[in-house]
Amino acid sequence: MSARPHLLLTPGPTPLHPAAREALGRDLLGHMDPEVFALNREIQRDLRTLYGAPEGTFTALLAGTGSLGMEAGFANLVEPGDRVVVGVNGSFGARMAEMAERHGARVRRVTASPGEPLRPDDVAAQVDGARLVAVVHGETSTGVLNPLPEIAAAISGSGALLSVDAVTTAGMQPFDMAGLGADYVYTGSQKCLSAPPGVAPVAVSERALARHAARRSPPALWYADFAGLRDYWEAQSYHHTVPVNLHFALHAALRAALAEGLTARQARAAAVG
């Protein structure tokens with residue numbers, strides 16, 4: 001293999017932040033080590049800052065990429081027969097709709113042409129009776145930023161949970177989970193945070209946790225069941241073996257992003273773009 005460095009110019013993975021690269025090389029610790037649990041608590045706190053999440057929001061890392069973050073939302077918050085509204089104006093919106101259907105939802109697709117943003121009024125027109133509305137904030141496949149605040153305002157008061165794919169936005173611009181009234185938000189470590197792929201930072205509102213607790217049956221996806229994740233992240237009991245060194249790297253990259261400041265990172269991304 002060539003010793004020349006590779007220059008990545010993709011939406012993700014992005015080049016590793018130097019702090020993440022250094023942290024990735026730390027000696028391995030066991031996933032039940034007290035030092036790892038202490039680090040996890042710092043990650044949870046920093047994720048609440050990243051997402052602008054209110055107190056009571058459950059934050060964690062899923063042991064998988066952003067697509068696991070996507071599927072975990074449908075697996076935990078949707079039951080067979082539930083009406084779900086999905087915004088589709090690119091490949092990742094289409095992926096959300098397929099995942100929701102695989103988990104038994106009756107999906108209403110709200111579409112816009114690739115390259116065009118979703119229209120909030122179109123989403124609002126379909127929300128009646130819906131249990132969940134799912135929207136991609138920044139559609140990676142086309143580069144379109146959907147009008148998330150306007151969509152959130154349009155469905156406010158409907159009773160539907162709001163799930164947001166923030167894979168290409170969280171970490172590179174301010175995100176206001178509390179102000180939006182969002183209930184489930186996820187991103188990928190390898191996008192704006194410049195950490196290695198393999199963990200998906202998620203935030204789950206108290207309202208979403210209550211929806212999960214009221215399920216008629218357990219989620220079909222055991223691996224990312226919110227109950228099991230909370231056992232590990234909050235009760236510090238064994239659930240599955242987490243990728244500890246990816247936690248080290250994500251922690252370092254997240255700290256670097258917050259130290260630079262999300263508003264400053266937004267301005268830097270705009271200038272580069």
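UniProt positions are given in the numbering used here, feature names are shortened, and annotations may be inferred rather than shown by experiment. The UniProt record, an unreviewed entry, lists residues 37-211 as "domain: Aminotransferase class V". The structure is a predicted model, in which local features need pLDDT of at least 70 and side-chain atom pairs count only at pLDDT 80 or more, while totals for chains, interfaces and linings use all residues. Residues are numbered from 1 along each chain as its sequence is written, and side-chain values use heavy atoms, with hydrogens and water left out.

Helices (H or I, at least four residues) and strands (E, at least two) are DSSP runs, numbered from the N terminus. On this basis the span 37-211 is 35% helix and 22% strand, and its end C-alpha atoms lie 27 Å apart.

An open sheet is formed by seven strands in the order E1-E9-E8-E7-E4-E2-E3, with mixed pairing; two strands pair if DSSP finds at least two bridges between them. Strand E1 (58-62) and strand E3 (106-111) stand at the edges, and because each has a single partner strand, one side of each is left without a neighbour in the sheet. On average, neighbouring strands of this sheet are turned by 15 degrees against each other, direction ignored. E1 and strand E9 (residues 200-204) run antiparallel and are joined by five bridges; Phe58 has Val204 in E9 as its bridge partner. Helix H2 (residues 34-51) packs on the sheet, where it touches E1, strand E8 (184-186) and E9, and its direction makes about 105 degrees with that of E1. Here contact means heavy atoms within 4.5 Å, and axes are lines fitted to C-alpha atoms, for helices over the stretch in contact, with angles from 0 to 180 degrees between N-to-C directions.

Strand E4 (132-136) is largely enclosed by the rest of the structure, because five of its five residues are buried. Buried means under 20% relative accessible area, exposed over 50%, and partly exposed in between (1.4 Å probe, protein chains only). From E4, Leu132, Ala134 and Val136 point one way, whereas Val133 and Val135 point the other way. E4 pairs with E7 in the parallel sense over five bridges, and Leu132 stands opposite Leu161 in E7. E2 and E4 also run parallel, joined by three bridges; the bridge partner of Val86 in E4 is Ala134.

Gly87 is placed in strand E2 (residues 83-88) and is buried, at 4% relative accessibility. Apart from neighbours within four places in sequence, Gly87 is in contact with Gly93, Met96, Val110, Leu118 and Ala134. Arg48 is 39 residues from Gly87 along the chain, and the two C-alpha atoms are separated by 25 Å.

In helix H6 (residues 148-155), the buried residues are Leu148, Ile151, Ala152 and Ile155. Seen down the axis of H6, these residues fall within an arc of 100 degrees, so they line one face of the helix; the arc is that of the directions from the helix axis to the C-beta atoms. An α-helix has 3.6 residues a turn, so residues three or four places apart point the same way. The cover over the buried residues of H6 includes helix H5 (120-124), strand E4, strand E7 (161-165) and helix H7 (177-180).

Gln236 is partly exposed, at 33% relative accessibility.

Asn245 lies in helix H10 (residues 244-260) and is buried, with a relative accessible area of 16%. A polar atom of its side chain lies 2.9 Å from the backbone oxygen of Leu24, and the Asn245 side chain also reaches the backbone oxygen of Arg26 at 2.9 Å. A polar contact is a pair of N or O atoms within 3.5 Å; within protein, one must be able to donate a hydrogen and the other to accept it, and residues adjacent in sequence count only if both atoms are side-chain atoms. Leaving aside neighbours within four places in sequence, Asn245 is in contact with Ala23, Leu24, Arg26 and Leu28.
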